[in-house]
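Subject: Structure handover

Hello,

Here is the structure I promised to pass on. Please open it beside this note, and read on for what I found.

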Amino acid sequence: MKHTEEKQQQHPSLFLQVCCQNEEPYLPLHTSIALFLLSYCECKSFKVFLVFTKPASSQSLRSQLPEGLEVSDIQLEDLPQLVDSCRLPAVLDETGMLCRAGLAVVLRHIINKALEAEPSRKDVLALLGFKKTCLKACAEVSKWTRLCEIGIPSDVEEHLKNPTNQYQQLPLSILTLERRLAEPVKVHNDDKIRRQKLQEQKKNKKNESPEGKGNTGAEFEPGQSPQVSDGMELRAALAKLSVDSVPTSTTRENSEIRKVKTTDLPPLKHVFAEGLYFTLTDVVLLPCVYQYLCSLQAHAASSLHQLPYLLRWYSCIQEVPGVLRASKECGMALSNPQVLMSSLPGPSAGDIPTSLLEQEEGQEMTKQVPFVGGPRPTLTKLQGSGIEAVFAPHPCPAWTLPWDSLPAAINPTEGEMSNIRAVRKRQQLNNLVAMVTELAKPGYTVVDFCSGTGHLGIALAHTLPDCKVILIENKEESLVRAQSRGIELGLKNIGFIQANLDYYTGPFQIGVALHACGVATDMVMEHCIQAGAAFVISPCCYGFIQNAVKFTFPKSKRFQETLTHKEHMILCRFADQTAVELSPGRRLIGKQCMGLVDLDRSWVAETHGYSVQVITMEPESCSPKNNMLVGRLSHKSGLEIGARQQEALVHN
């Protein structure tokens, strides 16, 4: 066991899950996606471990593993502790202290490591998309990331497990993608491409036959090659990948074309999932769509008529240099798209159901209308129902860390932080560390969610040497900085995880978060409640609170009976009106609104057996967002949760 961990930590280790069905091992989609990306990027920077839940060998999976890729087998019980606390796929760095977990995070890391090895790979860099933001937003917030990272892979795997029951109705996530691919797209600097497209259309119109053939600007016709139906778009897309065999048009538009208004230019059609260019999203989707189309071909080919735009995408993606090679290496024999497309009737708007994603976005658009009026009617309405903000007294207002004697790396003075801001940050840390110190016992695991560069987590690890402290942060740059501070301090009781918080599945006893923005506070609270853990959370950015995948606001039954969603949003908006530049009266109203929003949150936790206090940090001037939510689980509720968790472990 010890030898295995030392071997893994010699260089970055990539852990990929292997599942078992009817006693036979198979690769789940998130594993197939990671392997495809490794092959496409020709990345050799990782030692790859296939994680088996039952004794088995990867020998039968060899045809699905890229040739030349070094792969080792490992059993679930032999995983390093940090990796074992996360959902796979996951990467453990050379130190064994930093784990990256979750599909999008791991895939982006593979791309970065491939670029470190070969900086000239422009095609690999292009996978990160415009401003390197492709699939960067976490799935708990971004509907698009959730659709690609979770929705489509999950729906396809469910379909493959129970295919006979699902051919009558295509998965909603697949139909959502179909709808997106049917929409015109906008890309950076698309005006030039659209003018070139108009010029091509006019040129081809002059040359077209009476039957109307040769119009490259025409709408997609089934059976028509994408090189014909999407000539300009496909050339522009492949040119971005530095494909010499597909040059872009260098002919300058004539004066007639230059005079055409932008609004009158022809729209650009989707070539790839996010628009015009091949990105990481397409890498995620290809193994999913490949397996789904193979299943439909075998059992329900007639269903393909509902997916004309997905088939066009499937055809375009095979034009990308390296895709066919990588697919073959991973055991994916991509079918000829023309065979699939030749028998399709023409698509019509009525064939494509309105997607769930579009419905949700439409609902959000109606909810984000500008607010009219102030918070007083809402406050009066709550008071009439006997609901008022309640702040518990601070149990240790004068408590402070011994800042003068602490190592410099613990002090929050990095970067360009001003002296005034550093003082306030230390005051904020005093408050949260004091609360955690009251709750912590030797052997506890404390998780710092949304940890940023580690101000809170590092202070806790130093203050509580008998506890394990884990920092979880989605932004790689922040977490790497936190790790370097931890190494500088020589902390041995600390671990770092780059992931969305839902990907952390390990046990813990206390969850903390300093200034968790918007719904991040609610996500942290929910994670703590599910784990039966105490929590100390400082909320922030109340104005960013909005209905999310797991939450609708207001949350508690009593608030729901009193306020509409819009009235709750008014509270959230004015809860952000606490800046020192504002008048005292305005700040007082803002503080009331903060207390009411957090009261609503507290009442939800109390229905799960928690005792929750809303406490104001000391001194109040340490932050405009100076609330703390401190929650403790009652002894009886804790025993019940512990019994349920133990039962779940036995069942699994």
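Tyr26 touches Val18, Cys19, Cys20, Gln21, Leu61 and Lys161, leaving aside residues up to four places away in sequence. Please keep in mind that this is a predicted model. Tyr26 sits in strand S2, which covers residues 24-26. Is Tyr26 buried, exposed or partly exposed? Its relative accessibility is 25%, so Tyr26 counts as partly exposed. The cut-offs behind that are under 20% for buried and over 50% for exposed. Ser58 is 32 residues from Tyr26 in sequence, yet their C-alpha atoms are 9.2 Å apart in space.

Next, the cores. The largest nonpolar core has 80 residues. Which of them touch the most other members? They are Leu14, Leu37, Leu38, Leu107, Ile110, Phe278 and Trp313. Helix H12, residues 280-299, gives the most to this core, with 11 residues. Take Leu38 for a closer look. Leu38 touches Leu14, Cys43, Phe46, Val48, Leu69 and Ile110, again not counting residues up to four places away in sequence. There is also a second, separate core of 63 residues. Val524, Met594, Val597 and Tyr610 are among its members.

Now two helix pairs.

Start with H6 (residues 143-161) and H7 (residues 172-182). They pack at an angle of about 135°, and their axes are 8 Å apart. H6 and H7 are therefore oblique to each other. The crossing of H6 past H7 is left-handed. On the H6 side, the contact is made by Trp144, Leu147, Gly151, Ile152, Asp155 and Val156. H7 brings Leu172, Ser173, Ile174, Thr176, Leu177 and Arg180. By class, the contact of H6 with H7 has seven nonpolar, three polar and two charged residues.

The other pair is H18 (residues 419-439) and H19 (residues 455-463). Here the packing angle is about 50°, with the axes 10 Å apart. That makes H18 oblique to H19. The H18 and H19 crossing is right-handed. From H18, the residues in contact are Lys425, Leu429, Leu432, Val433, Val436 and Thr437. They meet His455, Leu456, Ala459, Leu460 and Thr463 in H19. The contact of H18 with H19 divides into seven nonpolar, three polar and one charged residues.

Best wishes

Conventions: Residues numbered from 1 in each chain as written. Predicted model: local features only at pLDDT ≥ 70, side-chain atom pairs only at ≥ 80, totals over all residues. Heavy atoms only, no water. Axes fitted to C-alpha atoms, helices over the stretch in contact; angles between N-to-C directions. Helix = DSSP H or I, 4+ residues; strand = E, 2+ residues; numbered from the N terminus. Parallel < 35°, antiparallel > 145°, perpendicular 65-115°, else oblique. Left-handed = near helix turned anticlockwise from the far one by under 90°. Contact = heavy atoms within 4.5 Å. Nonpolar A, V, L, I, M, F, W, Y, C, P; charged D, E, K, R; others polar. Core = buried A, V, L, I, M, F, W, Y, C linked by side-chain atoms within 4.5 Å. Buried < 20%, exposed > 50% of the residue type's maximum accessible area, 1.4 Å probe, protein only.
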